[in-house]
Amino acid sequence: MLSSAVSAGPSIQAAMASNPGPSSSSAASDPANEAGAAAAGQQQPPGGALRFEDLTIDDSLPPLERVTRYCRSGIALQRLVHVKMMGEVAAQVGTDATIQSLIPLLPPLVPDAESIIRQNLAAQFLPMSIALIHDGRPPPPPPSSASPLSLSASHDSAGSGSNRSSHSNGNGIGKDELIGRVRPTSPQAVSDLGKINPHGYSTVIKVIVPYLIQLLSDSDLDTRRCASDSLSSLCARLKPDDVKVVIDAATALAVTAPSEEGESSKSLRKKKKAAAAAAAAAGGGSAGGAAANAGPTPEDLRTVASNLLAEIASLSNNDINSVALSSSSRSSGSSVTPALVSSTILPPILRLCSDSHFRVRRAAVQSLPRVMAGGTVSDAADFVLPIFAKLSTDDMYRVRKSVGECLVDMSRSIMLLSDGRADSEREKLLALRRDGLVPICTRLLDDPNKFVRHGMQQFLGPFIASFYPLGPRRSSEDDEEGDDAGRQGGG
């Protein structure tokens, strides 16, 4: 049975037989197709002409065999469709079949000539890793049940500004979307997530994590973002020593040498485009394709590192850690702790806040709320808030505008730090929030640049609302007790 994309098989076959020259030969001689086939490890048919069988998909095949066959296709669209199926197939077949059949497909797909394939592969690495670690997807809960864990997760993502901003990578693929299919949603699922397949976990550490780190330096922006999101979400299920490996890789990107002295990132991009256009003119290729393969600038890599480090820091307050870790790791606590954030993540973020390029400083500003929420109180008072106030007076208006946009998240991050603390320490944090953030807001409302003023005005209402409630937050149990008391009194 052939797929619907080629349901008009006889007519296409007749057309190919009557006129085999222009369409088939041009497709075979297209450099992009040849490069994609070479990258996918697919041997072209003799004579270089694509056959009718090469243009069709046999959707009667079992999912695993179908993915194994068509991920090696010389046609980019076929590779793309079946790369998107890899996570789901890995969850269906389990750890052993994934290692035997799917992992060998990765080496030619990671450097694939098509950026959209690399991007989707980076996104599929997360569900593949979950399937390897936990030997398939945990069973879903009954449709009528709603577990406390799933309710708390949705409440946190909806109620916390810092979490909400960190769950989007700017290109429509959010962190919650990546981990939603594997988030524990029932007691049985939570129990299953605690069981780790050692062979599968080892494969993730030795194969998938290095590939994700490699894709952090990809020439395509969306691929870098997807790799960063998958890697940060995967860290919630890794052991502390393995998380440190990821942090070290991100730190290495954060200290990437800047561009040539005295040369802006914009001028460097212009030079790359001019060189790519010259190379394309000499080789008869596409200037856009040559420019896309020119590679990211050092500033691009430092921006990726800033977001990745902030995402890992935000896991310090994420309850999924206590579920996902092995029993030996759970006994010693979460993989990402405030102490780890303070010692390994905060220093490179502070360095990026003083970067010579405003795009890197702007990315560092956007990462500060997540770093503060996952760090310690002393770091918030001594380092994070002072550098945040300094950036509110930055020479570049785009950086100051980002400071205003992040004020709401900074306020809520302080509230996260104050949860569960003694009243005296909580009062100090609330005073720190008031004395540290309100002057920044006032200064930005009077900024000489109209874009900064208007941006701060847009966030002024949410910023004021973030200060309420002024007292300790009531838990859901307290609310239920109050409702019961009210009903009894009314009765």
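**Exercise 1.** Which residues does Met 86 touch, not counting residues up to four places away in sequence?

*Solution.* This is a predicted model: local features need pLDDT of at least 70, side-chain atom pairs count only at pLDDT 80 or more, and totals for chains, interfaces and linings use all residues. Residues are numbered from 1 along each chain as its sequence is written, and side-chain values use heavy atoms, without hydrogens and water. Take contact as heavy atoms within 4.5 Å. Met 86 then touches Val 67, Cys 71, Leu 102, Leu 105, Leu 106, Leu 109, Leu 121, Gln 124 and Met 128.

**Exercise 2.** Classify the ring pair Phe 125 and Tyr 211.

*Solution.* Start with the rule. Rings of Phe, Tyr and Trp (its six-membered ring) pair if their centres lie within 6.5 Å; planes under 30 degrees apart are stacked, over 60 edge-to-face, the rest tilted. Now apply it. The centres of Phe 125 and Tyr 211 are 6.3 Å apart and the planes meet at 10°, so the pair is stacked. Phe 125 is in helix H9 and Tyr 211 in helix H14 (residues 198-215), 86 residues apart. Helices here are DSSP runs (H or I, at least four residues), numbered from the N terminus. Both Phe 125 and Tyr 211 are buried, meaning under 20% relative accessible area (1.4 Å probe, protein chains only).

**Exercise 3.** Describe the surroundings of the Phe 467 ring.

*Solution.* First, the ring partner. Phe 463 pairs with Phe 467 edge-to-face, at 5.1 Å centre to centre and 90° between the planes. Then the charge. The charged end of Arg 433 sits over the Phe 467 ring, 4.4 Å from its centre. The test is CZ of Arg within 6 Å of the ring centre and within 35 degrees of the ring normal. Last, burial. Phe 463 and Phe 467 are both buried.

Technical notes: Helices (H or I, at least four residues) and strands (E, at least two) are DSSP runs, numbered from the N terminus. Buried means under 20% relative accessible area, exposed over 50%, partly exposed in between (1.4 Å probe, protein chains only).
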